[in-house]
Structures are given as C-alpha cells and as structure tokens.
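Subject: Handing over a structure

Dear colleague,

I am passing this structure on to you, with my notes on it below. Please look through the sequence and the model before reading on.

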Amino acid sequence: MEYLITTHPGFEDIGIEDLIRFGAAKNKIFLPKDVFGKVFVKTSSKVIKKLARVKSITGIYEVLGKRRFDGANSIYELLRMHRSKFKKQSIWILFKPVRKVLPDFDKLRRNLSRRLRLKLSRKPTYLLRVDTFRGSCVLSRFLFKPTWKDYRKVKLPFSMKPDLAHCIVRAAKFKKTETRIWDPFCGGGSIPIEMALLYKGKEIFGSDIDKEKIDASKINAKSAGVENKINFFVCDARNLVKASLDEVDCLIGELPYQLKAKTLEKLYTGFFSSAKKVLKQKGRIIVIVNRKRTVGKIADKLNFELLEKRRMIKGGYYTDFLQLVC
Ligand SMILES: C[S@@+](CC[C@H](N)C(=O)[O-])C[C@H]1O[C@@H](n2cnc3c(N)ncnc32)[C@H](O)[C@@H]1O
C-alpha cells in the first residue's frame with residue numbers, strides 16, 4: 001500500500017528517519033523534489049500503525065490514485081476513476097495545489113461533487129485530499145494524525161509546539177561529545193524540554209530575560225517529567241557571561257523577532273558577541289530566525305561559519321534554521 005506522509009515543512013528527513021526506524025524500507029520512500037513537508041512511502045499497514053505517537057509526522061494518508069495534472073478537469077477524472085471507493089460515503093475534499101493553480105477551491109469542490117454525485121459533509125466518512133506535484137496529481141484519503149502528550153500547562157503566545165521543538169532538536173544532531181547545551185531564549189521551554197526527553201547524560205540549560213517565561217518553563221518541564229534534568233534561570237542573552245557557564249558546546253534557540261529592525265540588529269549583535277565568550281572552540285550555535293540576512297551579516301562579521309541552513313515554517317510563516325560554528 002502507498003501512503004502520503006506529511007511532515008513539518010523543512011524536517012522531512014526527520015520524518016523519514018522515523019519511517020525507517022519503524023520498519024519502512026529505505027528504497028520504498030520517495031521525497032518529491034522542491035516540495036515542502038510531504039513524503040511518499042510504500043509499506044505495510046503494520047508499519048503505519050506504529051507511527052501513532054511520533055512527533056515528526058503531522059498526518060498519514062492512504063494514496064487512492066494518481067494521474068497527470070493539467071487543470072481542474074484532471075481532478076475530476078481522478079475522482080471519477082476512483083469514485084467506487086467512496087461513492088456511498090460522505091466526503092470532503094482538501095486541495096493542496098496553490099490557489100494560483102486552481103483559483104476557487106470552494107467552487108471546485110461543489111462542482112466536482114455535483115458532477116460526480118458525491119455527498120459533501122464537513123464531518124465526512126472519507127476526508128479526501130488532492131495534491132499536485134510537478135505535472136501530476138494525487139488523490140489520497142486521511143487516515144490519522146499522530147498524537148502525543150502536549151505537556152505545556154502554560155502556553156505563551158508564540159511559544160513553540162513540542163512536535164516542532166522535537167524536530168529542531170533532532171535536526172541539531174547533538175554529538176556524544178557535546179554535553180553542555182543551552183537555550184538562551186527559552187520562552188515556555190519547549191526546546192530544552194524536548195532535549196531532555198530525547199537525550200540522556202547532557203547538561204541542559206534554559207534561560208530568558210523574562211522571569212515569567214522562566215516560571216512557565218519550570219511548570220512545563222515538571223508536567224513533562226523532566227524538571228530535574230534542566231536548569232532554568234533568568235539571563236539577558238546579550239550578557240551570557242553573567243551566568244558563569246563557560247565551555248558551552250552548543251547554544252540553540254529561537255531568536256526574538258517581534259521588535260523593530262534596528263532593535264533586533266542590536267540584540268542579535270549583542271547575543272552573537274556574548275556567545276563567542278561562552279562557547280567552546282568550534283562550539284555550535286543553532287538559531288531559528290525569520291531575519292536570516294541580518295543574522296548572516298552579524299555572524300559573518302563575528303567570524304562564525306555557516307554549516308547548515310534549512311527553510312522551515314513556524315506558526316504559518318517561513319522561518320530559517322541556521323547552524324553556525326564558532
Ligand atoms: C521567539 S521567543 C522564544 C519562544 C520559545 N522558543 C518557546 O518555545 O516559547 C523569544 C524569547 O526571547 C526572549 N528574549 C527577548 N530578549 C531577550 C534577551 N535580551 N535575552 C534573553 N531572552 C530574551 C523573550 O522573552 C522570548 O521568550
């Protein structure tokens with residue numbers, strides 16, 4: 001059976017790692033080129049069931065059919081060809097081509113259901129989905145969304161969801177030799193908490209300039225059962241030396257972005273200069289930023305080398321994951 005797996009955009013490799021870990025064959029996994037957050041896999045339903053709790057995968061769909069895409073009529077043909085599978089059921093159709101390709105999804109959905117005599121319902125038996133990829137379209141049926149415990153008792157505005165923090169921590173690929181890891185912009189604590197859930201034997205630190213955020217982080221860490229594995233404290237990231245934590249292997253965090261450009265530039269410069277003083281030689285900085293040019297310019301000036309960058313999405317906005325070395 002073939003499945004369409006949706007992942008956190010930019011972290012498809014982490015979803016693929018889990019597919020392989022739970023038994024999918026590497027040569028049966030297909031990552032479409034230039035497509036964000038989607039992977040195809042041919043595997044058994046037994047493997048798929050094992051994905052019920054993974055944080056790296058956001059949805060699992062059974063592929064019903066594929067064909068060439070050359071406009072709305074191809075979708076009609078695709079549905080018509082596979083109609084026998086769902087004609088007696090109530091359905092809803094999600095469209096995943098961009099609106100530029102198919103301008104009016106609501107009208108299209110109504111037209112298709114009328115022409116094919118399908119029963120539309122917002123609470124359907126079959127939730128269908130149509131994706132287009134480079135000249136072809138795929139019809140699939142929603143199976144399930146993995147579930148996991150959201151331990152956040154305090155959900156701050158803009159705080160990161162645990163599943164995304166999980167992918168970021170895994171993409172950081174901490175080595176055994178990297179033991180001292182610090183999130184100096186920890187907010188509600190999702191990144192250090194995921195680190196503590198994923199790794200044993202690391203010294204994990206989380207700090208923020210705002211005491212309220214630190215209190216929230218502590219509550220969330222307790223609810224996740226890792227309060228004893230993380231050291232949370234108040235600290236201004238422009239003055240990391242004040243925390244008396246030297247020889248840090250890696251700084252990881254999501255930089256503030258809801259400030260004026262000039263203020264952010266000053267804050268980022270302060271952070272990167274102060275990071276140099278606490279990081280070990282060849283220590284890493286992993287940052288989630290939505291101003292990659294500003295960060296790139298500052299990091300370059302301070303002689304950080306860019307090791308990796310990946311485009312991702314946070315809260316519906318394009319963001320970047322940058323990995324730099326000191
Ligand atoms: C984008 S949020 C991080 C959200 C966090 N990843 C979470 O899951 O909640 C940025 C954080 O940086 C903090 N911050 C702003 N200026 C700071 C500074 N100078 N030093 C340390 N933290 C700062 C803010 O209080 C905020 O919590």
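A residue is called buried here if 20 or more other C-beta atoms lie within 10 Å of its own, exposed if 12 or fewer do, and partly exposed in between, with the C-beta atoms placed from the backbone. Helices (H or I, at least four residues) and strands (E, at least two) are DSSP runs, numbered from the N terminus. The model is a predicted one, in which local features need pLDDT of at least 70 and side-chain atom pairs count only at pLDDT 80 or more, while totals for chains, interfaces and linings use all residues. Residues are numbered from 1 along each chain as its sequence is written.

With those terms in hand, helix α6 (residues 190-198) is mostly covered, seven of its nine residues being buried. The buried residues of α6 are S190, I191, P192, I193, E194, M195 and A196, and they pack against α5 (162-172), β9 (180-183), β10, α7, β11 and β12 (248-254). In the protein chain as a whole, 37% of the 326 residues count as buried.

Two of those neighbours, strand β10 (residues 203-208) and strand β11 (residues 230-234), run parallel and are joined by five bridges; strands are said to pair if DSSP finds at least two bridges between them. D208 has V234 in β11 as its bridge partner. Between β10 and β11 the chain passes through helix α7 (residues 211-224), and this β-α-β crossover is right-handed, that is, with the strands pointing away from the viewer, the path from the first strand over the helix to the second runs clockwise.

Turning to the overall layout, the protein chain has nine helices and 15 strands, and its C-alpha trace spans about 70 × 40 × 40 Å along the principal axes. The domain assignment, whose bounds come from an automatic or database source, gives domain 1 (2-144) and domain 2 (162-325). Their C-alpha centres lie 35 Å apart, and the contact between them takes seven residues from domain 1 and twelve residues from domain 2, where two residues are in contact if their C-beta atoms, placed from the backbone, lie within 7 Å.

Finally, the ligand is surrounded by 21 residues, of which the closest are S159, M160, F185, G187 and A237; a residue counts as near if its C-beta atom, placed from the backbone, lies within 6 Å of the molecule.

With best wishes
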